[in-house]
Amino acid sequence: METNRNQNIKGLIHSKLEECYEGLGTNAITDYVFLLVCKRRKSKEELVENLTEILESETEPFVDWLMETRKPKKVKCKFWPNCDKGSACEYFHPSEQVFLN
């Protein structure tokens, strides 16, 4: 059974794929990116190499987003616990585990 954290991470990846590459945010590609980032902890260079065939010329911006998203959130959200952005919030929610670390 998948944890809520993993589901949140996959949801973020899926949403970004849909936003940047209309129709590409399939479950298989989302799972592949999740595997590369979370389970195998690939470097930026490895991610670019692994995703270029799928994402083509837009690989770099997507990987840059992934790398930025991997950074821990350090500033507490001033709206927590009533923040309506949930896991998409760029600030730390004390009840959340830090993303991808």
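## Overall make-up

The protein has 4 helices and 0 strands. Helices are DSSP runs of H or I with at least four residues, strands are runs of E with at least two, and both are numbered from the N terminus. Along the sequence the pattern reads α-α-α-α.

This is a predicted model, in which local features need pLDDT of at least 70, side-chain atom pairs count only at pLDDT 80 or more, and totals for chains, interfaces and linings use all residues. Residues are numbered from 1 along each chain as its sequence is written, and side-chain values use heavy atoms, with hydrogens and water left out.

Of the 101 residues, 34% count as buried (under 20% relative accessible area; exposed is over 50%, partly exposed in between; 1.4 Å probe, protein chains only). Among contacts (heavy atoms within 4.5 Å) with a separation of 6 or more, 42% join residues 24 or more positions apart.

## Helices α1 and α4

Two packed helices are described by the angle between their axes and the distance between the axes. Helix α1 spans residues 4-20 and helix α4 residues 59-70. Their angle is about 155 degrees, and their axes lie 12 Å apart. Axes are lines fitted to C-alpha atoms, for helices over the stretch in contact, and angles run from 0 to 180 degrees between N-to-C directions. α1 and α4 are therefore roughly antiparallel (over 145 degrees; under 35 is roughly parallel, 65 to 115 roughly perpendicular, the rest oblique).

The crossing of α1 and α4 is right-handed (near helix turned clockwise from the far one by less than a right angle; anticlockwise is left-handed). α1 contributes Leu12, Ile13, Lys16 and Leu17 to the contact; α4 contributes Phe62, Trp65 and Leu66. These residues divide into 6 nonpolar, no polar and 1 charged. Nonpolar covers Ala, Val, Leu, Ile, Met, Phe, Trp, Tyr, Cys and Pro; charged covers Asp, Glu, Lys and Arg; the others, Gly among them, are polar.

The structure holds 1 aromatic pair. Phe62 and Trp65 form this tilted pair, at 5.7 Å centre to centre and 35 degrees between the planes. Rings of Phe, Tyr and Trp (its six-membered ring) pair with centres within 6.5 Å; planes under 30 degrees apart are stacked, over 60 edge-to-face, the rest tilted. Both residues sit in α4, 3 residues apart, about one turn of the helix. Phe62 is buried, at 1% relative accessible area.

## Helices α1 and α2

Helix α2 covers residues 27-39. α1 and α2 pack at about 120 degrees, with axes 9 Å apart. That makes α1 oblique to α2. This crossing is right-handed. The contact residues divide into 7 nonpolar, 4 polar and 3 charged.
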